[in-house]
Structure formats: structure tokens, C-alpha cells
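Student: Could you walk me through reading this model?
Tutor: Gladly; let's take a look together.

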Amino acid sequence: MFFEPLEKLKISIADCIRKIADVEYLQSSWKFFKSVKLSVVLLLSIAATSVIGTLIPQNQSPEKYLKAFGEPLYRLLYVFDLFDMYHSWWFQLLIMGLTINIIVCSVDRLSATWKIIFVKIPPFNISRFKKLSNKEEFIDEHTPKQLQKTYESFISKSFGYYRVEDVDKGFCIFAEKWRWTRLGVYTVHLSVLLLLIGALMGSIFGFDGYVNIPEGETVSSIRLRNSGQIQNLDFNIRCDNFNVDFYNSGAPKEFRSTLSIFEDGKPVLQKDIIVNDPLQYKGINFFQSSYGPLPPKELTLSFKSVKTGKIYNQNTIIGQEIELPEDMGKFVVKDYRNSVDFRGQNVGEAFLGTLTPKDGNSVFVLLPVRFPSFDAMRKGDIIVSTAGYNQRYYTGLQVTNDPGVWVVYAGFIMMIIGCFITFFMSHQRLCIEVIKKGKKSVVMVAGTANRNKMGMKNKIKKISQRLIDLEKTSTAHAWGKKEK
């Protein structure tokens with residue numbers, strides 16, 4: 001019983017120590033993240049790693065990296081995830097660190113700016129304006145009372161805020177405009193934050209993959225480049241048709257895919273895509289990136305009987321055994337190859353078949369598409385050649401999804417606006433003091449701006465000249481009335 005209050009006191013002291021420690025920890029963390037040195041280090045780190053990312057090709061196959069760097073260096077680069085660095089944890093950590101740094105720096109400096117922008121009655125100190133180098137003085141023939149209405153009307157049209165204060169032997173007009181432009185630099189900060197957040201969204205939640213779709217076939221998944229894993233789509237995509245045009249040299253001129261999107265078995269979108277003109281659906285982009293030939297489903301074979309000289313054409317498919325005319329046996333097309341070497345020479349694309357005579361052993365038959373009479377060298381009872389076929393292709397698509405792209409676009413737009421405000425606009429303050437001197441007035445025009453001091457100096461001169469011209473005009477107008 002005696003020690004209970006003491007134990008409670010110990011617990012209370014321990015809680016206070018923890019709170020103090022937490023406050024100190026928060027203060028030290030705040031001080032660390034608001035450091036400009038940290039900003040420089042993070043920016044240089046991101047720039048340096050981005051250079052590395054341009055020197056090392058990203059998202060290539062392991063075989064290419066092994067061939068380019070060798071096994072020891074490949075293992076080292078793989079450990080640091082330099083083959084997909086823009087999705088690596090350490091690059092994301094750099095982006096997050098810079099994001100926190102910008103937020104803390106902006107919040108830390110915003111409090112003073114906030115008091116200037118959102119003050120109801122701006123403070124006014126005429127002695128400060130009298131000490132400025134940006135000021136003009138001149139003598140006017142009128143009294144302060146005669147000048148006040150004219151000056152006040154002119155300033156009210158040029159400045160958003162103004163007020164008139166009486167001073168000894170005259171008056172003073174204080175005016176200002178574009179107070180809100182002090183937020184321009186914070187608009188730039190916010191734009192950088194949007195760019196970083198958009199990049200993080202794309203790095204964490206986006207993906208980059210590829211898929212090959214044969215003509216007439218449908219897929220519902222792709223393969224990711226960085227991991228090789230399968231990424232399922234919540235819709236189906238079909239290649240309805242593929243066309244390729246060639247130059248005279250044989251190089252591809254343009255290849256075009258007709259793609260259709262299906263949901264619940266119903267078509268919802270169809271588009272022809274070419275290079276740099278993708279299909280976009282649900283934030284996923286399908287770019288035309290490659291193509292390749294496929295074994296034809298159907299072909300027409302020509303059979304020439306050496307004995308009778310007759311030629312027979314017959315349609316078939318790969319793997320289907322057909323009966324030869326004139327009871328000469330059976331023939332089956334086994335395979336199709338894009339490129340075939342024969343005795344050290346490349347004969348191009350060709351069909352591979354097996355001929356089984358009525359009374360004899362099966363023989364291998366090579367049917368190059370470019371050389372119809374090639375099988376005549378075999379010197380058999382029948383000569384086989386390819387009469388025609390429908391060439392099929394697969395379309396190779398690059399598939400990307402970047403959910404942060406619109407955030408990045410918003411960041412670019414905001415950066416343009418923020419830079420325009422920061423570099424071409426400024427918070428301008430003006431003071432016009434009019435003091436009676438005999439039957440005349442001494443007028444002082446002074447002003448200051450938080451940016452573009454030279455531009456403000458020229459503006460003070462223009463305002464002073466305008467005030468002089470206004471009084472000349474009003475005097476001439478008054479004399480004209482008297483003469484009338």
C-alpha cells in the first residue's frame with residue numbers, strides 16, 4: 001500500500017520521458033528532412049542513377065545481360081536490381097525521400113508567406129519607403145487636397161488594394177497588387193510533388209509487358225518484362241487481322257494489326273494499330289512492336305507424275321496424310337520452317353514432308369517456297385512442289401499500364417503555370433506621399449517588389465510621369481472651362 005503512489009509516480013515520469021523523447025525525435029526528423037543539403041544529395045542521386053538506367057538497357061533477357069557483362073558482373077548488377085532500376089525498391093525510396101523533403105521544406109517556409117498573403121490589413125511603414133532607392137520626387141503646382149481625388153482614382157484602377165492615410169501637411173496612398181503571386185514558388189513545389197507521386201504510382205502499381213497474338217486468336221493475359229510472370233487482364237483481346245507492307249529491298253515498311261476487345265464475350269472496341277498509334281483501354285496501352293510468320297494452316301501442293309507428265313493440285317493442312325494420284329502412295333506435310341539450310345546454303349522458308357511410295361520406304365521431302373522445282377533433284381517417280389498457301393503472322397504487342405500518367409500530366413501543366421507566376425509576376429507595393437509646401441506640393445512615389453527589382457524601378461518612373469501628365473491634363477481642362 002505504501003509503495004503504490006511511488007509506483008504511479010514512476011509510471012507517470014516514464015510516460016513523460018517517452019513523450020519528450022518522441023518530440024525530440026520528431027524535431028530531429030523535421031530538421032533532417034527540411035535540409036537543403038538533403039535535397040541536393042537526393043537530386044544528384046536520382047540524376048546519377050537515371051544516367052545508369054540509360055547506359056544499361058532495361059528489362060532485357062538474362063541471356064543478353066550475361067553475354068554483355070559476363071557472369072560475375074551480371075550477378076552484381078542483378079543484386080542491385082539495375083536491370084529494372086525504375087521499379088527497384090531503392091529507386092522508389094529515393095523518390096519517396098525527395099517527396100517528403102519537398103513537403104517539409106514547403107511547409108516550413110509557408111507559414112511566413114501565409115501571413116503576408118492572407119493578412120486583412122497589410123502593415124504600412126512610410127519610413128521604409130522613404131529609404132528605398134526605387135523612388136521618384138517632383139513638385140506639383142496644386143495643393144494636396146486638390147491632388148488627392150485624382151491620385152486616388154488613378155491608383156484604384158491599377159492596384160487591387162489601396163488605402164489613404166492622412167499625414168502631417170498632406171496625405172499618403174498605400175497600394176499593392178498580386179500578393180498571391182508569392183505562392184508561385186509553392187505551385188512549382190506542388191508540380192514537382194505531382195511528378196514524383198505520378199512516377200511512384202507508375203513504378204509501384206504500373207506494369208510493362210508483352211504478348212504475341214496469332215491472327216484470329218484471343219488472349220487474356222500478358223507476360224511481364226521485369227519478372228517474366230503472367231499478368232491476367234480482366235478482358236480478352238483478339239487479333240482479327242495482320243498486314244505487313246515491304247519495301248523493294250524486302251525490309252518491312254509498315255505493319256498493322258486489327259485488334260478487338262471483348263468483355264463477357266461481347267466486342268466493346270476495335271481499332272487498327274500501327275507503330276506509335278496504340279490501342280488504349282482501361283488505362284492499358286497496346287503498342288505495335290513486332291511481328292513474325294506462323295505456320296500456315298492450309299496450303300496447296302502440286303504433284304507431277306514423271307511417268308505420265310500430269311500435274312495434280314491438292315489442298316491440305318500440316319499433319320494431314322493425303323493419298324497421291326495414280327496410286328503413287330501417300331504424302332504428309334510434317335512441319336514449316338522460316339529458314340532452312342541445305343548443304344550449307346539457305347533456301348529460305350520451306351515445308352518439310354514425308355513421301356511414302358506404294359511399294360517402298362518413306363523418304364524425306366524438302367519443299368522450299370522460293371524454288372518450286374527443287375524436289376526434281378530427288379529423281380523420284382513424282383515431283384512435289386508448293387503451289388500456294390496463305391501466310392499467317394502473329395502480332396507482337398508491347399503492353400504498358402501507368403496509373404500515374406495523368407498525375408504527371410497535371411504536374412507538367414502546374415509547373416508551367418508556377419514558372420510563369422514565379423518568373424513573370426511579383427508582389428508589388430506602392431506608396432505615394434503628397435506633402436504641402438507653400439502653395440505647391442512635394443510628391444514622392446516609391447515602390448518595392450519581391451522579384452524583378454529593375455522592372456519595379458521602371459514602373460515607378462512610369463507612374464510618376466503618369467501622375468504629372470494627369471495633373472497637366474486636368475489643369476488644361478480647367479482652363480478650357482474658364483475660357484468658355
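Student: What should the 15 residues of helix 7 span at 1.5 Å a residue?
Tutor: The expected span of a helix is 1.5 Å times one less than its number of residues. For helix 7 (residues 144-158) that gives 21 Å, and the end C-alpha atoms are 21 Å apart, which agrees. Helices (H or I, at least four residues) and strands (E, at least two) are DSSP runs, numbered from the N terminus. This is a predicted model, where local features need pLDDT of at least 70 and side-chain atom pairs count only at pLDDT 80 or more, while totals for chains, interfaces and linings use all residues. Residues are numbered from 1 along each chain as its sequence is written, and side-chain values use heavy atoms, leaving out hydrogens and water.

Student: Which residues of helix 7 are buried?
Tutor: Buried means under 20% relative accessible area (1.4 Å probe, protein chains only). In helix 7 these are Pro144, Leu147, Tyr151, Phe154 and Ile155.

Student: What is the order of the strands in the open sheet of eight?
Tutor: Strands of a sheet pair through backbone hydrogen bonds, either parallel or antiparallel. Here the order is 8-7-6-5-4-18-10-9, with antiparallel pairing; two strands pair if DSSP finds at least two bridges between them. Strand 8 (266-273) and strand 9 (279-281) stand at the edges with a single partner strand each, so one side of each lacks a neighbour in the sheet.

Student: How many bridges join strand 10 to strand 18?
Tutor: There are 10 between strand 10 (residues 284-294) and strand 18 (residues 392-401). Phe287 stands opposite Gln398 in strand 18.

Key: Buried < 20%, exposed > 50% of the residue type's maximum accessible area, 1.4 Å probe, protein only.
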